[in-house]
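Biologist: I am new to this one and would like to know what lies behind the words used for it. Could you show it to me and then take my questions?

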Amino acid sequence: METIGSVYVHAPFCSRRCYYCDFAVEVGSSSDSDLWIQAIIGELKALYEEGMFTLSPSLETLYVGGGTPSLLHENSMAQLASVIGNKRLEKNDLEWTCEANPESFDLEKASSWIQAGVNRVSLGVQTFQESVLRWMGRLHGAEMPYEAVAIARKAGFSNLSVDIIFGLPPSLKRNLRKDLEAVLSLGVDHVSLYGLTVESGTPLARAVSKGQQDVISGTQYREEYLFAVEWLESQGYEGYEVSNFAKPGKQSRHNSNYWSGKPYLGLGNGAHSYLHPVRRWNIRDWDSYYAKALETCLPIENQEELSREEHKLESFWLGLRTNTGLKIDDFLPSIKKRFDSWIARDLAVEREGNICLTSKGWLIMDQLTVELMEHFSCSESENENL
Ligand code: SF4
């Protein structure tokens, strides 16, 4: 039986909702850490009873994301370790990441995380520009990321990542180069770069629909992304996935497991799990989620079995989003011709027998995946007719 080596745990609490955010978050002045841990206990019990997702005796990766995990009580990571099973977290090269926002991350919390076994911190920085932070609805100031990194290092973390946003409305006059230079001065080994999207139901979407908020043009969005990728790579951060950049050996193994199609278990409201061919996702609303979990019922919103075609599409999409790409010899000659046209248009390169998208290709990754799938389906039916 295939066991699960990667676990994601969602901590939904945020002090307030950012202007653009549509994540599964629960807004309040503090988190309910005890309820959170009880809900995780209930969900795990329900999963053990069901018997479909079996945790490996030694986890490879554990990722606590949110929301804002740094709003949880300082003992929460130690409690989580005992709930998951301390023995499961003893592997020497376990990667245990916890997300933090600079304003709720202090030395006490950082030290308690280290003691619990957390060994990687991902900081939600987004920008160092005060006016832009206020527009976003973030609670930290421009200096706080520096303090948070210093705190993390003092506590003993050497593996640090920061999130940076691009694609902001031009009226904000955000200086992306300056922000990237500030990231460099933090000396972190990993950067995640996310483009702002206008998600329906958010205050940002409402302002845009009323004509009260400008949005970036497609051309400018593209230019910002290409500039950021080139700049990060020139500073030694290898783009190993469409949104992720790392110094050698510092790639996130947790996310890499997702992209290589390995099974994973997601705990918490809105969390997703995958064990081929089943994909399932939890109830998104925190109150409804924990009510189910506390009754030791599976808090699942829905699940689906991927068809062969859907699995193929997903494996293409996952492969193309990383710099490992897809093995060319797995495709028929007619599709290899398609790859040649991508290379000719500077959308892809051939590397060690694999077709890998360039940053220009990553910008239209969804389109290229569909194109590949269409040709794949045609060539398969041609083959069947031979
Ligand atoms: S801190 Fe992150 S998860 Fe929380 S509201 Fe802001 S963007 Fe959303």
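Modeller: Let us start with pairing: two strands pair if DSSP finds at least two bridges between them. Strands (E, at least two residues) and helices (H or I, at least four residues) are DSSP runs, numbered from the N terminus. Residues are numbered from 1 along each chain as its sequence is written. The model is predicted, so local features need pLDDT of at least 70 and side-chain atom pairs count only at pLDDT 80 or more, while totals for chains, interfaces and linings use all residues.

Biologist: What makes strand 16 and strand 17 a pair?

Modeller: Four bridges link strand 16 to strand 17 (residues 354-357) in the antiparallel sense, and the definition asks for at least two. One point to look for is A348, which stands opposite L357 in strand 17. Helix 12 (residues 333-344) packs on this sheet, touching strand 16 and strand 17. Touching here means that C-beta atoms, placed from the backbone, lie within 7 Å. The direction of helix 12 makes about 115° with that of strand 16; such angles run from 0 to 180 degrees between N-to-C directions, with axes fitted to C-alpha atoms, for helices over the stretch in contact.

Biologist: Which strands are the edges of that open sheet?

Modeller: The sheet has three strands in the order 15-17-16, with antiparallel pairing. Strand 15 (326-327) and strand 16 (348-351) are its edge strands, since each pairs on one side only.

Biologist: In what order do the strands of the nine-stranded sheet run?

Modeller: The order is 9-10-8-7-6-5-4-1-11, in an open sheet with mixed pairing. Strand 9 (238-241) and strand 11 (265-267) form the edges, and the twist averages 25° from one strand to the next. Inside this sheet, strand 5 (residues 95-100) runs parallel to strand 6 (residues 120-126), and four bridges join them. E99 stands opposite S122 in strand 6.

Biologist: Which helices pack on those strands?

Modeller: Helix 5 (residues 144-155) touches strand 5, strand 6 and strand 7 (160-166), at about 175° to the direction of strand 6. Helix 6 (residues 176-186) lies across strand 7 and strand 8 (190-195), at about 180° to strand 7.

Biologist: Why is helix 3 called oblique to helix 5?

Modeller: Helix 3 (residues 107-116) and helix 5 pack at an angle of about 40°, with their axes 9 Å apart. Angles under 35 degrees count as roughly parallel, over 145 as roughly antiparallel, 65 to 115 as roughly perpendicular and the rest as oblique. The angle belongs to the rest, so helix 3 is oblique to helix 5. L107, A110, S111 and I114 of helix 3 meet I151, A152, K154 and A155 of helix 5.

Biologist: How many residues of each class are in that contact of helix 3 with helix 5?

Modeller: Six are nonpolar, one is polar and one is charged. Ala, Val, Leu, Ile, Met, Phe, Trp, Tyr, Cys and Pro count as nonpolar, Asp, Glu, Lys and Arg as charged, and the others, Gly among them, as polar.

Biologist: What about helix 1 and helix 10: at what angle do they pack?

Modeller: Helix 1 (residues 33-50) and helix 10 (residues 286-294) pack at about 55°, with axes 7 Å apart. Helix 1 and helix 10 are therefore oblique to each other too, but their crossing is left-handed. L35, Q38, A39, G42 and E43 of helix 1 meet Y289, Y290, A293 and L294 of helix 10.

Biologist: Which residues surround the ligand?

Modeller: Among them are C14, R17, G66, G67 and N101; a residue counts if its C-beta atom, placed from the backbone, lies within 6 Å. By class, this shell has five nonpolar, five polar and one charged residues.

Biologist: What kind of peptide bond joins G66 and G67?

Modeller: A cis one, with omega about 15°. G67 sits in the loop between strand 4 (61-66) and helix 2 (76-84). The bond from H276 to P277 is also cis, with omega near 5°.

How values were computed. Contact = placed C-beta atoms within 7 Å. Left-handed = near helix turned anticlockwise from the far one by under 90°.
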